[in-house]
Protein chains: 2
Amino acid sequence: MKYIEILIKLRKIIRSINLESKKIEKELGISIPQLLVLQYLSDQKDYRAFAKDIKEYINLNASTVSGIISRLESKVLVAKSPKPNDKRATYILLTAKGADLLYKYPPTLQEKLSQRLKKLSPNQIEELDRNIDLLTIIMDVKDIDAAPLLTIKDLTELTVKVRTDHPQ
Amino acid sequence: MKYIEILIKLRKIIRSINLESKKIEKELGISIPQLLVLQYLSDQKDYRAFAKDIKEYINLNASTVSGIISRLESKVLVAKSPKPNDKRATYILLTAKGADLLYKYPPTLQEKLSQRLKKLSPNQIEELDRNIDLLTIIMDVKDIDAAPLLTIKDLTELTVKVRTDHPQ
DNA sequence: AAAATATAGTTCGTGTAGAAACTATTTAAA
DNA sequence: TTTAAATAGTTTCTACACGAACTATATTTT
């Protein structure tokens, strides 16, 4: 298995997700990243959070999140309100319209993958999950760079850790 | 395992790849998608191909490929030449400068993942590859849409197929 | 041969996505 | 307390990525 092969396969997967995103965007008017933000907000206390938290949750650059939020804001799905004692920070809060959208549509979206996953055996799901995590570890360039040379032992331990973290 | 979880994990992986891409872009002046195109051309007879072939290989939209090629063209890493008997088609060909770049740098890039993969056992690699393919199948919205309801049997057969296609 | 369709590419508009540079504010250090 | 450093966000620039609409050829149908 070559680097290029893995790369292309992963790109294909993400391409599929993006295509799905575009499709949803046409149907609902919002993209998956935007939906992820709404979903995150709906799980938070008072349905609000700081851009910083969102950034950390979806693991994106501050500027990217900034763009996503302003697009959501222009659709009135989220709103901004300043934090009382810190003029730097701004709450991003879910609007009723945003909650509406979330309430009406996501089941369709959510259940799509779930249905496909249900067709797999528990063993297959466990294996899939474990390997996604393994990929995360292998591909996580930043972490690898932080500890330049992972030994076989390290990687195996990580694998075992992941494995035991997600028992079937 | 929830939809959102898988989505976010996959997004993280791709984010890592993109970060790697940006890093390479700064170092070499070209991105991973651009590099994939060069690499593909270097594998072709006479080091040339049509945009259409490239499109199919990297699995991207025609307009995306068009953009990548014009960026490569402006860096004189590829050039265009019309196909004799079909004025619609244009050969994209690797330039000497493009071959140079490919010859000098990619080992560094290629070996990065290879080294990490070498740390895995053959069994782990086989399992990883199989699960990436499984993900491709699960995520490939288009194919799923074409045959709306895959049965458990279908999916299992696909899994088995993938499994036997890549024996350890 | 003329009309319809298919193929190859490009252009345009929009949405991610990141780095770098920046503003503004807050906190820590001197 | 003044300076330095950290934090929160935004803006600008570039690249990727898509669909839709478009141009220009080729091929197929009628």
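Modeller: One term before we start: buried means a relative accessible area under 20%, exposed means over 50%, and partly exposed is what lies in between, with a 1.4 Å probe and protein chains only. This is a predicted model, in which local features need pLDDT of at least 70 and side-chain atom pairs count only at pLDDT 80 or more, while totals for chains, interfaces and linings use all residues. Residues are numbered from 1 along each chain as its sequence is written, chains are lettered from A and ligands numbered from 1 in the order in which they are written, and side-chain values use heavy atoms, with hydrogens and water left out.

Colleague: Okay, how much of chain A is buried?

Modeller: Of its 168 residues, 44% count as buried.

Colleague: And what is the order of elements in chain A?

Modeller: Chain A has 9 helices and 3 strands, where helices (H or I, at least four residues) and strands (E, at least two) are DSSP runs numbered from the N terminus. Read from that end, the order is α-α-β-α-α-β-β-α-α-α-α-α.

Colleague: How do helix 2 and helix 3 of chain A pack?

Modeller: Helix 2 (residues 32-42) of chain A packs on helix 3 of chain A at an angle of about 115 degrees, with the axes 11 Å apart; axes are lines fitted to C-alpha atoms, for helices over the stretch in contact, and angles run from 0 to 180 degrees between N-to-C directions. P33(A), L36(A), V37(A), Y40(A) and L41(A) of helix 2 meet D53(A), I54(A), Y57(A) and I58(A) of helix 3, contact being heavy atoms within 4.5 Å. By class, the residues of this contact are 8 nonpolar, no polar and 1 charged, with Ala, Val, Leu, Ile, Met, Phe, Trp, Tyr, Cys and Pro taken as nonpolar, Asp, Glu, Lys and Arg as charged, and the others, Gly among them, as polar.

Colleague: What about helix 3 against helix 4 in chain A, what angle there?

Modeller: Helix 3 (residues 51-58) of chain A and helix 4 (residues 62-74) of chain A pack at about 110 degrees, their axes 9 Å apart. That makes helix 3 of chain A roughly perpendicular to helix 4 of chain A, since angles under 35 degrees count as roughly parallel, over 145 as roughly antiparallel, 65 to 115 as roughly perpendicular and the rest as oblique. A51(A), I54(A) and K55(A) of helix 3 make the contact with A62(A), V65(A) and I69(A) of helix 4, and these residues divide into 5 nonpolar, no polar and 1 charged.

Colleague: New topic: is A49(A) buried or exposed?

Modeller: A49(A), in strand 1 (residues 48-50) of chain A, counts as buried at 4% relative accessibility. Leaving aside neighbours within four places in sequence, A49(A) touches Y40(A), L41(A), Q44(A), I54(A), T90(A), Y91(A) and I92(A). The C-alpha atoms of A49(A) and T90(A) are 8.3 Å apart, although 41 residues separate the two along the chain.

Colleague: What is phi of Y47(A)?

Modeller: Phi of Y47(A) is near 50 degrees, a positive value in a residue other than glycine. Y47(A) is in the loop between helix 2 and strand 1 of chain A and is partly exposed, at 48%.

Colleague: And where is N59(A)?

Modeller: N59(A) is in the loop between helix 3 and helix 4 of chain A, with a positive phi near 65 degrees, and at 24% relative accessibility N59(A) counts as partly exposed. As background, most residues other than glycine have a negative phi.
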